[in-house]
Amino acid sequence: MTAVRQPSRRSVVVARSVSLVVATLLATWLVAACASAPAVDGDALVIVRVDGQPLTLDDALETFLASHGGHGSLVQGEAAVRELAGRIVERRLFLDEALALGLDRDPDLLEAVDDFRYEQATELYWREHTEDDVFVSDTDVQAFYDRTDLAVRCSLVVTPDEPSALAAHARVEAGEPFADVATEVSTHETADFGGMLPFVQRGELEPAIEARAFALEQPGELSEVFPCEAGFAFLRLEERIVNPNRPAPEVALPQIRVILEERAREDKRAEVEQQLLDAVGAEVDTAAISKASLLGQDDGERVVARADGSTYTLGELRELLDPERVGSAEDAAVTEAATALVREWTLRLALRRAVADAGLLELPEVVRKTDRYRDDTMLTTLCHDYVYADVDPTDDEVRAYYDERLESEFTRPGEVHLAYILVGTDEEARAILARLDAGEVFSDLAREVSLDRTSAMHGGRIGWAREGTLRPEVEGPAFSAPIGSLQGPIATDDGIYLLQILDRKPREQVGFEVAYRTARKRLVDIQQKQAWADWSQRLEERASIVFDEDGVRRAAERLAAEAAAEGHEAGSEGVAAPAVPGDHETPPAGVRAP
């Protein structure tokens, strides 16, 4: 066993993920992210009771804020508070049902919640130990900028281990063409180009490669073999020139600061990781990790790592690896990836010890987010295993859905390929028509006179436009006039258009076989929503739900006062719906609909 020394971060190419998959629910309030608590003191403001359980304004706002980006002031008026209360009542009823079914005791759930809690605490730990300690001085930034006066172009070879890099280096020194060696052995993306990198300036390569590249002075000079993020590497300098693309200081200095701060964070993180590993006595038996041992069946109990009193066996490591990928990969790559997995295990144990010792697991922020995650995961499981258990539309039902919506959902709209000229007056338009009749070319006139300079640069062409995306005045002739014809003058609020109909595609129905998966998914969504509504109704019918009228009134008053203090204008009462991104096309300006 050897003490763990953190290597550069490298890709794990043969690991397969073993984790609990938690689906996202359709209901808006099942968002796992938890927004910050609002400034109002809502804990004392009970707005509704469910089977005697008080639910407060803070409970309601936490659910609301999770899907509205923290804008609690969007809730205005008593009606909105009641609507918001209805959402948390529904959530509470479903959670109580999940608890009654024992979903909170599911082993997979408990493991997932425990992992989530440590992940949240770990994020805080790294923030405290890396983000807050990073400092880059103005002098450092200026010094880096002063060194960007040069640009270099190098050839590069990267291999997964040091012996193969040394062997390739010796071949180049002996006179073999660098490009041939790079193409044969390099694992870097430049191998297909003989290892040739483009011209680069400082800040564009990983630090280890950059340091060697800019240390080379004469074309043809070869670097030594050195460790890098992907293994081991060496370079040959091809050209070294004055940087022709060096930006002005006011542009470059802020960018350089970002680069240096990120490098400082990486260095700090590596330092902290090593301290954590040393603190738990992390050791890895690298001699036990090889392609042969991973593909074998014996020695499953052999310990390959120790940390914080725990051990990690060869058998456990085999369970995380895909035997087929291990068998087809290079020996060195397998060893590299497997060793990285083992080191990740030691670091995970070290971090768990560190966050526990620092008391981060008990921080209110971590507890609140973990509780929210546990509840959301229980609700997801409830939906999957119970609420939606019977949702499985038959092929006949999918066909009926498709037939009913053939025109509205499964017919591609027609398209037209247009070019146009936009002018200010009818007289100008008719003058252009006369020039076209005289033999001038439409695209040349568009470039010369069209007021829409964006389309003018392309000879008036705007590409393909779907039905329903054009201005009403243009839509008719665009989809009815003969292909190749000129249409206009057409008066609009923007001016006078002359159209050239270049091509057209008719409406096209999507066949059932092609549309089947989409139709089935949409039908499943409809049936799941109905199943949810049915469950919600049954749960509400057997529950005691009592609104606290005084609490609702006081909650509305507090929210109104907070909104006024923040400078928000009072609008109509209600709970603002979240913005829902859609697939609606946003047409550019011009002939398309405004």
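In this predicted model, the side chain of arginine 265 makes a polar contact with the side chain of glutamate 262, at 3.2 Å. The points below continue with arginine 265, then turn to a pair of helices and to the chain as a whole.

**Arginine 265**
- Arginine 265 belongs to helix 8, which covers residues 249-279.
- When neighbours within four places in sequence are left aside, arginine 265 is in contact with Thr130, Glu131 and Val134.

**Helix 3 and helix 13**
- Two packed helices are described by the angle between their axes and the distance between those axes.
- Helix 3 (residues 107-131) packs with helix 13 (residues 364-387) at an angle of about 150°, and their axes are 9 Å apart.
- Because angles over 145 degrees count as roughly antiparallel, helix 3 is roughly antiparallel to helix 13.
- The residues in the contact of helix 3 with helix 13 comprise nine nonpolar, three polar and four charged.

**The chain as a whole**
- The secondary structure of the chain consists of 21 helices and 18 strands.
- The chain has 594 residues, of which 41% count as buried.
- Of the contacts between residues at least 6 apart in sequence, 75% join residues at least 24 apart.

Key: Residues numbered from 1 in each chain as written. Predicted model: local features only at pLDDT ≥ 70, side-chain atom pairs only at ≥ 80, totals over all residues. Heavy atoms only, no water. Axes fitted to C-alpha atoms, helices over the stretch in contact; angles between N-to-C directions. Helix = DSSP H or I, 4+ residues; strand = E, 2+ residues; numbered from the N terminus. Parallel < 35°, antiparallel > 145°, perpendicular 65-115°, else oblique. Nonpolar A, V, L, I, M, F, W, Y, C, P; charged D, E, K, R; others polar. Polar contact = N/O pair within 3.5 Å; in protein donor to acceptor, adjacent residues only side chain to side chain. Contact = heavy atoms within 4.5 Å. Buried < 20%, exposed > 50% of the residue type's maximum accessible area, 1.4 Å probe, protein only.
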